[in-house]
Amino acid sequence: MGNNVNAKAALLKMHEIDSLYDKVRRRILLLNRAVESSSELETLREEVESVDHELQGTRTEQQDLELESRSLTEKIRESESNLMSGELNNPRELEALQASIDSMKEHRTDLENRSVERLVMVDSLQVTLEKKQASLVEVEEEWTNRKSTLETEIDQRKKEYLYLKRAREQVAEILSEENLEMYEHLRRRKNGVAVAVLEDENCGACHTQVAVGILNNIRYSDDLLSCPSCGRILLTDL
Ligand SMILES: [Zn+2]
């Protein structure tokens, strides 16, 4: 008789420990996932990288256009001095040379226009890059703080977890092997909850109303009884 009073108290204690134990475990899992990465930070890093890449590419294009334009200027100069040298007398050849000079100049203008466009783009990309880098620094700092908060909580939760684990072991020692087995069996089968505490006349887990006869048995006898509806061990809050 007296053993079952102890058993009831121990089962209730076990139930309370396990509810916390499960909560702490879920919380640790969640925290571990959260501490792994920040999607905001990753997105921003990718953006900085992509703008930087675009900036380098545009710069290279601008420099190439500049080089091309310079070498064209050199060719134009050569052709013009050739034109002025008086060595060519054939009007057709002179005309062709002049046409070639005109075409090269036209091409050079086009190169210069494109080069200027790139220069403007470089300036604008530079501004964008600096802005993004500044927010990256800010977000990185926020993340460092957030991470350290998360890590602090993980440490605390792990301590709680160990504490509950030990408390659970102690309660398990009080229970008879039979009752412990029944409890663990129900816990596996009933979604992690083996015990239901009575709420007035209802099972605290499935909320079915419990017959008066059973209620009286639970309240006034030392017998361990199950909820007729969900099968969990029904206990009163001692
Ligand atoms: Zn029930």
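The donor residues of the zinc ion follow the spacing C-x2-C-x20-C-x2-C along the sequence. Cysteine 206 sits in the loop between β2 and α5 (212-220), and cysteine 230 in the loop between β3 and β4, so this pair ties together parts that are 24 residues apart in sequence. The model is a predicted one.

The protein donors are the SG atoms of Cys203, Cys206, Cys227 and Cys230, lying 2.3 Å from the zinc ion. The angles among the 4 donor atoms run from 103 to 115°, and the site is tetrahedral. For comparison, the ideal angle for four tetrahedral donors at a metal is 109.5 degrees. Two of these cysteines can also be described by their accessibility. Cysteine 206 has a relative accessible area of 26% and is partly exposed. Cysteine 230, at 10% relative accessibility, counts as buried because the limit for that class is under 20%.

Next comes the sheet. Its 4 strands form an open sheet with mixed pairing, in the order β2-β1-β4-β3. The edges are taken by β2 (202-203) and β3 (225-226); each has a single partner strand, so one side of each is left without a neighbour in the sheet. Strand β1 (residues 195-199) pairs with strand β4 (residues 233-235) in the parallel sense, over 3 bridges. Within this part of the sheet, alanine 196 stands opposite leucine 234 of β4.

Just after α2, glycine 86 takes a positive phi of about 80°.

Methods:
Residues numbered from 1 in each chain as written. Predicted model: local features only at pLDDT ≥ 70, side-chain atom pairs only at ≥ 80, totals over all residues. Heavy atoms only, no water. Helix = DSSP H or I, 4+ residues; strand = E, 2+ residues; numbered from the N terminus. Pairing = 2+ DSSP bridges. Donors = N, O, S within 2.8 Å, 3.2 Å for Na, K, Ca; no water. Tetrahedral: all angles 85-135°; square planar, octahedral: opposite > 155°, others 65-115°. Buried < 20%, exposed > 50% of the residue type's maximum accessible area, 1.4 Å probe, protein only.
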